[in-house]
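The following questions and answers concern the terms applied to a structure and the values behind them. Please consult the sequence and the structure as each answer is read.

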Amino acid sequence: MNEQVKSDSSNLLEREVVDNPDFVTVGDIAVENPAMTCRDVNVYYADKQAIFDVSVDIGRNEVIAMIGPSGCGKSTFLRCLNRMNDTIEICRVTGDIALEGEDIYARSMDVVLLRARVGMVFQKPNPFPKSVYDNVAYGVRLHGLARNKSELDDIVEQSLKKAGLWNEVNDRLDKPGTGLSGGQQQRLCIARAIAISPELILMDEPCSALDPIATARIEDLIDELRQQYSIAIVTHSMQQAARVSQRTAYFHLGKLVEVGPTNDIFTKPIHGLTEGYITGRFG
Amino acid sequence: MTTIQGEGHIFTRFDDEMKQLHSTVVGMGVLAVKQLRDAVDTLRTEDTEKAHDVISNDTKLNQLDIDADEQITTIIAKRAPVAKDLRELIAVGKIVSELERAGDEARKIAGLTIRFYEGTSRPPNEEILRDIYTLADYVSGMLEKSMSVFDDLDLNGAVEVLNMGLKLDDQLQSILRHLSTFIMEDSRNVGNFVDIVLGIRALERFGGHAKNIAGHLVFIKFGFDVRHEGIDVIVKSIRES
Amino acid sequence: MSTQRQIVESTLARRYARESRFQWYGRISILIGILFLGFLLVTTFLNGYKVLLQTYIQLEVDLTPAQFGGEITEESIAGANYDGIIKSSLRAEFPDVSGRKNRRALYGLISNGAKYDLRDMLIENPAMAGDIRPIWLLADDEVDVFMKGRIDRNQPEANRRLKDNAIGWIDRFIEQGRVEKRFNVPFFTRGDSREPEQAGIFGAIMGSFFTIMVCMLLAVPIGVAAAVYLQELAPKNRITDLIEVNINNLAAVPSIIFGLLGLAIFLNVFGLPRSVPLVGGMVLSLMTLPTIIISSRAALAAVPPSIREAALGVGASPIQTVLHHVLPLAMPGMLTGAIIGLAQALGETAPLLVIGMVAFIVDVPGGPMDPGTVLPVQIYLWSDSPERAFVERTSAAILVLLAFLVALNSFIVLLRRKLERRW
Amino acid sequence: MRKSAISLVALGLITATIHAHARDHIMIVGSSTVYPFATVVAESFGKTSGFKTPIIESTGSGGGMKLFCAGVGVQHPDITNSSRRIKKSEFDRCQENGVKDVVEVKVGYDGIVLGSSKEAQRLDLTRRDIFLALAKEVPNSDGSESLVPNPYRTWADVNAELPAIKIEVLGPPPTSGTRDAFAELALEGGCKTFDWVRAMKKSDKSAYKSACHTVREDGAYIEAGENDNLIIQKLQENPDALGVFGFSFLDQNADVIQGASIDGVAPEFELIADGSYPVSRPLYFYAKTAHIGVIPGIQEFMDAFTGDAAFGDEGYLTDKGLIPMSAEERQQFSTAVRNRTSLSM
């Protein structure tokens, strides 16, 4: 199935992946009834190519983790999925990314609508400098998702409950969101993201700024959210990927090396680069 | 031990710890083989004193078993190993208990010496014991082979050990037939016969441990468990991957 | 062989000495700064505070009907010869003064603006007419300067503006308790005058007010809008780079250039009138725009990108992101920039010179279209006037300008604190 | 808030254009020397006449002429002050731009004073002394008819009767009308006392002018800026220095500053008025006839300025240091104002 295994040098392996224009991702990129499909996605920063022919599906009610060494393009790829890269002028994306079958880079796709459908949680907790309530309500108001105040209150409460934050903040909804602890802030950001009922939630290293307890909370939360949402998470913690995801995709220097069920990736990865990375044999 | 990739871990301490564990296991393998050889020697030379030494030496093996388990626990706790590292640690954990039990089997052989040559009972005749010598050579060869596979992870060697395991059954059958002819020749041999069958049984178990070790080695390399598969299935799987 | 500990210990004393020396450099620098500032403030204050009091002389003013042509009516009150009334009252006070020269000196005791004050007094309160009554009248600036002790009566007469006879008259008034220093209301309610005792700062204050208002209303919205567009929305290409470089250069252009630009555009092309605060404000807004744009852009750039991402991430459009999140967060910084620009504008004279705001303007402007001047120009004009009494007015005007700057800055500090409290 | 701000500015601009067509105050520009007098007249005019107080800008004589002659219309000034007579070139420029009829009014004289601190010895100078002390080049002291760079360092070098103090004169920069007048009256006056130089006036006028008007640049003459108060302050600090400024400043600071007598005449009010003080100059203003009747109050303002109460012997302008003209001259100019006699050159 693959002869790279026999190679005894990760440098050689790396070259075979990176220098080989015909390299094909190892493992099953496709899932049944995907929420989002990506095919042959290339991303360029000006003349520099950052992502090479990445194809992968994001399944329904699954958490897919994207791992890989720094600069491998996992965050860049994630940001393509809600066109967050649009804000970077020199960034250009080719290939097909479809949300429920609709091409998100099509002319007819409105980016505001897309971002309402594909929520995002960022590396550093970034609540708005507003009250807890307003943080969650902002997107709802923006998109006019609540018909009246009581409906808005309801959405805010539900979102905070889903984010597991309600019990901690229900007595200080009018206090600044920036006054919460790091973990609470990140859960507030998650509540903000789920308040507008997205179809897919992207998380870009959501726990990298948090302590282990806060991290554990968020991971638990991700697991619960999976019941309702599809989630794509970029993480540099392999343990976290192993814990929270059902599928894992390993990126290396802009290429998607391997994708497969998380259990397989972490016990018997197919590709030597994946193995080398997860066992800590190169960085 | 060589890693799958030419390079070691980024944490060189991780490599050091794995090497340390590896040498502990290799030491156990060497000790287990030596115990068996020594035990059989005492039988041959009727040296009951040395037989006592062999028995007491078994505690060394037990101690190494405990050491190895400790090292494994520490590494898992510290390094959160995955993939090959994880498989290796799990397999090594099993390998050390196989080795420890192989040592127990060697102790049983040394027990035979004491039983035969200490006290008043009549020792068995040399002819009967020859089968034990042959079998002991064979199974100690199996363990040696397994341990060398452990060192270089050359799975051809592992398949060889598995095959030797299959042949071990045939050998056992012929040895038992051979033994029964002795009983028919001289019924006085019956008294020692039970002891000798138990000794042969111990050697067979020793070979079984060597075979299990070979199975664990296949798991280290490919991540599937072959202990309960037929040899042809195993060989097929190895070829496939 | 010395150990590491010995080596480190041997250098410690020197290191600490250097540190404390550095601290002292800092303290001395601050001290020098404070000394200069203190010197400036103290001398200005010592020169200027005297303006708060102004000398008045009480005269028995003859307001008998004869002075109003025999009949006291509204017209006769408005048209009476108050100059004559005051002069005759002075003559009555000192009947033995004779000779034209001496009489002129006598009339010189009372400000020649006093007649207008007297007229206004009577128009407002016609009931005062018909009698000889004591009235407090504004003294001449020479008398005022003398009363404030800045003319030495022991100097030879030839060296004094105020001659012996005048001092004698004043002494008599003083003996009778008819000279008084009162709070100088006119200084704060009147426009400029060539007579120091009548000159007020109010015209310049109003001129400055209108000018700065126009400047603020133009420069702040335009500057903020330009900064937001350049920083947040404009594509990054050569044209925007060029614009950025030019804005930075404009900030360093001498202010007089903006005055000339304003002269060419607002006066010559649009035909706006000279000397009006509207044009002044427009010219100053040209000058402050680069400052406001640059500092606003810096404030915008200082807003953490994570906030932008957060807003975009929940589906806000770029404009919404800017308006809802970036702008409110950048507002304190932008205000600081705006205030620096406006404070600079408040103290500017050079660009106003060429558009005619450096002028003698008596009437207090009632709006941005009335001719007016501004505080720094008033300071400049007064400092260039020969009359001694303008010295204290110059200092007082400086104090008023400083007070305005302090007020402006405190207002912004308060505003900023208020805005920042929104986390 | 922003919307209202923009509309307010727009409103301002609209009213501005309307206002531009209806100016109700007199606009005066010109000389900084006439400024102190014109402002006094303007103020008193504003308070008594019922017209708005004229706006007066101090632009310098030349600058004022330029603005004044730019054309007829409300955006142009009505009156310009000048500390010298209008030049032919300026008059031509006026004509070109449609400013045909201009009334010329002389308002009086201003004395230029060489003052020093009262602590210093009072000097008695001649114009020749002043010329020798301040000209860039002076006639060779050996009597030959040639110019040499000014060799004099102390007043005693110039004239043995004068004290041996360093020549140090603070004065206005070349842009100032005071400086022009000083060069013309004091320097040239001294210059002319050398017969051969005087002869040059006929043979080589420009050489004559440069010899007589150029001020030395080796540090003996210090340009102290336009602010006469500053010069007076500096004189108090440095008793050895002399300063060049208008008589009104001496008048106001008589307690600390004394004026050097020139050609034996002290700078005193009466002596300037009767013409015996040699360094004095006439002051003028010029008015546009075309604006009379368009801008309210111009005629009345001119009448006020030329009334005896203002520029007369005992008029209030004399308090401010203006040296009045003779009665006949005054009569002549107030008649010219009444008749709006146009200037012709």
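Predicted model: local features only at pLDDT ≥ 70, side-chain atom pairs only at ≥ 80, totals over all residues.

Q: Why is the meeting of Glu387(C) and Lys320(D) called a salt bridge?
A: A salt bridge requires a side-chain nitrogen of Lys or Arg within 4 Å of a carboxyl oxygen of Asp or Glu. The side chains of Glu387(C) and Lys320(D) meet at 2.5 Å, N to O, so the pair qualifies. The rule finds four salt bridges across the interface of chain C and chain D.

Q: Which elements of chain C give two or more residues to the side that touches chain D?
A: They are α4 (100-107), α5 (114-124), α9 (202-233), α12 (277-301), β4 (359-360) and α16 (375-383). The largest share, three residues, comes from α9(C).

Q: How do you know that chains C and D are in contact?
A: Contact means heavy atoms within 4.5 Å, and 42 residues of chain C are in contact with 48 residues of chain D. Of the three pairs of chains in contact, chains C and D share the most contacts. Chain B and chain C, by contrast, do not touch, their nearest C-alpha atoms being 31 Å apart.

Q: How much area do chain C and chain D bury between them?
A: The value is about 4000 Å², 52% of it on carbon and sulfur atoms. Buried area is the accessible area (1.4 Å probe) that two parts lose on being put together, summed over both. Arg161(C), Arg274(C) and Phe360(C) supply 16% of the area that chain C buries against chain D, more than any other three residues.

Q: Why does the radius of gyration of chain A agree with that of a compact globule?
A: The radius is taken over C-alpha atoms, and the globule rule is 2.2 Å times the number of residues to the power 0.38. With 283 residues the rule gives a value near 19 Å, and chain A has 19 Å, so the two agree.

Residues are numbered from 1 along each chain as its sequence is written, and chains are lettered from A and ligands numbered from 1 in the order in which they are written. Local features need pLDDT of at least 70 and side-chain atom pairs count only at pLDDT 80 or more, while totals for chains, interfaces and linings use all residues; side-chain values use heavy atoms, leaving out hydrogens and water.

Note on methods. Helix = DSSP H or I, 4+ residues; strand = E, 2+ residues; numbered from the N terminus.
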